[in-house]
Amino acid sequence: MALAAKRELVCFFSMMMMIMAFSGACMAATYNVGDSAGWTIQVPVDYTKWSSTNNFHVGDKIVFTYNKQFHNVLQVSHQNFQSCNATSPVASYTSGSDSITLKSPGNFYYLCGVPGHCQAGQKVPIKVNRASASPSLAPSESALSGSPSAFIAPGPSPSSAPIIQSSKFWLVVTALAFYLIGYLIN
């Protein structure tokens with residue numbers, strides 16, 4: 001292959017790598033609340049612990065999957081979350097597969113409004129961080145005790161896309177691109 005053609009390919013793949021790296025930083029993650037157990041009281045799930053092990057950012061989605069005959073999802077104030085008061089929700093979801101896009105940073109609170117379910121542990125606090133590539137810490141008790149600073153609007157219908165750890169995915173793509181560039185130069 002001629003040297004000029006190799007250089008053009010190197011430039012092309014370098015540009016593609018930069019575009020992929022940039023778009024990778026902008027990818028949002030999808031989190032299934034309760035992981036494989038879903039939104040339930042049938043299987044004991046510590047939703048507060050589940051939430052604290054995830055790092056939510058603006059643009060991410062949380063998906064509540066449940067049997068709509070027995071459960072629902074209500075977004076409530078921090079005070080109503082603590083007391084399991086479902087009488088004045090900020091938002092209500094009843095589809096059985098609710099996908100909520102996290103639109104702003106802050107602390108948000110969800111519970112099941114069926115009598116007794118919240119008291120049985122079917123409630124989850126979500127701490128949303130600003131969209132950034134830098135890692136942040138799990139929410140602390142003091143972070144979860146404040147009032148929500150903003151509200152989450154319902155997102156589009158649930159996505160069937162798998163959860164992608166974008167940083168790992170794009171690291172592999174970048175490594176493969178560098179390998180290909182090195183191969184083409186030699």
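**Close-up 1. Trp-39 is a buried residue.** Buried means under 20% relative accessible area. Trp-39 has a relative accessible area of 1%, so it falls under that cut-off. The model shown here is predicted.

**Close-up 2. Trp-39 and Phe-64 form an aromatic pair.** A pair of aromatic rings is described by the distance of the centres and the angle of the planes. The count of aromatic pairs comes to six. In the pair of Trp-39 and Phe-64, the centres lie 4.9 Å apart. The planes make an angle of 85°, and the pair is edge-to-face. Where do the two residues lie? Trp-39 is in the loop between strand S1 (30-32) and helix H2 (47-52). Phe-64 belongs to strand S3 (residues 61-65). The pair therefore ties together parts that are 25 residues apart in sequence. Phe-64 is buried too, because its relative accessibility is 0%.

**Close-up 3. Phe-64 also pairs with Tyr-110.** This pair is tilted, with 5.4 Å centre to centre and 50° between the planes. Phe-64 sits in strand S3, and Tyr-110 sits in strand S7 (residues 106-111). The two are 46 residues apart, so the pair links distant parts of the chain. Is Tyr-110 buried or exposed? Tyr-110 is buried, at 0% relative accessibility. Ring pairs join Trp-39, Tyr-47, Phe-64 and Tyr-110 into a cluster.

**Close-up 4. The largest nonpolar core holds 21 residues.** Which residues have the most contacts inside it? They are Val-33, Trp-39, Ile-62, Phe-64, Tyr-110, Val-124 and Ile-126. Two or more residues come from each of H2, S3, strand S5 (91-93), S7 and strand S8 (123-129). S8 gives the largest share, three residues.

**Close-up 5. Ile-62 and its contacts.** Neighbours within four places in sequence are left aside here. Which residues does Ile-62 then touch? Its contacts are Tyr-31, Val-33, Phe-56, Asp-98, Ser-99, Ile-100, Leu-102, Tyr-110 and Ile-126.

**Close-up 6. A charge sits over a ring.** The ring belongs to Phe-81. Over it sits the charged end of Lys-123, 4.7 Å from the ring centre.

Methods: Residues numbered from 1 in each chain as written. Predicted model: local features only at pLDDT ≥ 70, side-chain atom pairs only at ≥ 80, totals over all residues. Heavy atoms only, no water. Phe/Tyr/Trp six-rings, centres within 6.5 Å; stacked < 30°, edge-to-face > 60°. Helix = DSSP H or I, 4+ residues; strand = E, 2+ residues; numbered from the N terminus. Buried < 20%, exposed > 50% of the residue type's maximum accessible area, 1.4 Å probe, protein only. Lys NZ or Arg CZ within 6 Å of the ring centre and 35° of its normal. Core = buried A, V, L, I, M, F, W, Y, C linked by side-chain atoms within 4.5 Å. Contact = heavy atoms within 4.5 Å.
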